[in-house]
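Dear colleague,

I am pleased to hand over the structure below for your studies. Please look through it first; a short account of what was found follows.

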Amino acid sequence: MLNSLQNPLSLLGRVLIALLFVPAGFSKIGGFTGTAGYIASKGVPLPEVAAAIAIAVELGLGLLLLIGFQTRWAALGIAVFTAVITFIFHAFWADPAQSQAFFKNIAVVGGLLTIAAWGGGAWSVDGKLKD
């Protein structure tokens, strides 16, 4: 029974994780100055460059994840990005209120690593290109 659910669950998992990143990427475009300012407030050097990288990852790799093209690489790229920014923006050891956001992001990294390991499934561009 679970084998018959593998493809729809892979698609649903990709869509749900992409929903974290694609809208965030779009919002960073519209609020670029504010995003760069927030990044600067955390002490990140070259905040405009960091904001552009965030947009490229969240929007670019997020869309690749959504459609399932180069799925493993997209998931791995987003996982690395998320792991790095989590330690910068959700440092719960300095602010205990960040604990939930920190561990939520770490869980998302786990999901992304699972996608990187197993791919996008048959209901993805990658899956269709295999046929």
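The structure holds 8 aromatic pairs. Please bear in mind that this is a predicted model. In one of the pairs, the ring centres of F87 and F102 are 5.2 Å apart and the planes stand at 85°, so the pair is edge-to-face. F87 belongs to helix α4 (residues 71–89) and F102 to helix α5 (residues 99–118), so this contact ties together parts that are 15 residues apart in sequence. F87 counts as partly exposed, at 46% relative accessibility, whereas F102 counts as buried, at 7%.

Another aromatic pair, F92 with F103, is tilted, with 5.2 Å from centre to centre and 45° between the planes. F92 sits in the loop between α4 and α5, while F103 is part of helix α5, so the pair joins parts that are 11 residues apart in sequence. F92 is partly exposed at 26% relative accessibility, and F103 is partly exposed at 45%. Ring pairs link F87, F92, W93, F102 and F103 into a cluster.

The count of salt bridges comes to 1. In this bridge the side chains of K28 and E58 meet at 3.0 Å, N to O. K28 lies in helix α1 (residues 2–30) and E58 in helix α3, so the two tie together parts that are 30 residues apart in sequence. K28 is buried, with a relative accessible area of 18%, and E58 is buried as well, with 5%.

Helix α3 itself covers residues 47–67 and reaches 29 Å from its first C-alpha to its last, close to the 30 Å expected. Its buried residues include A54, I55 and L59. G68, which follows α3, has a positive phi, near 80°.

With kind regards

Note on methods
Residues are numbered from 1 along each chain as its sequence is written. This is a predicted model: local features need pLDDT of at least 70, side-chain atom pairs count only at pLDDT 80 or more; totals for chains, interfaces and linings use all residues. Side-chain values use heavy atoms; hydrogens and water are left out. Helices (H or I, at least four residues) and strands (E, at least two) are DSSP runs, numbered from the N terminus. The expected span of a helix is 1.5 Å times one less than its number of residues. Buried means under 20% relative accessible area, exposed over 50%, partly exposed in between (1.4 Å probe, protein chains only). A salt bridge is a side-chain nitrogen of Lys or Arg within 4 Å of a carboxyl oxygen of Asp or Glu. Rings of Phe, Tyr and Trp (its six-membered ring) pair if their centres lie within 6.5 Å; planes under 30 degrees apart count as stacked, over 60 as edge-to-face and the rest as tilted.
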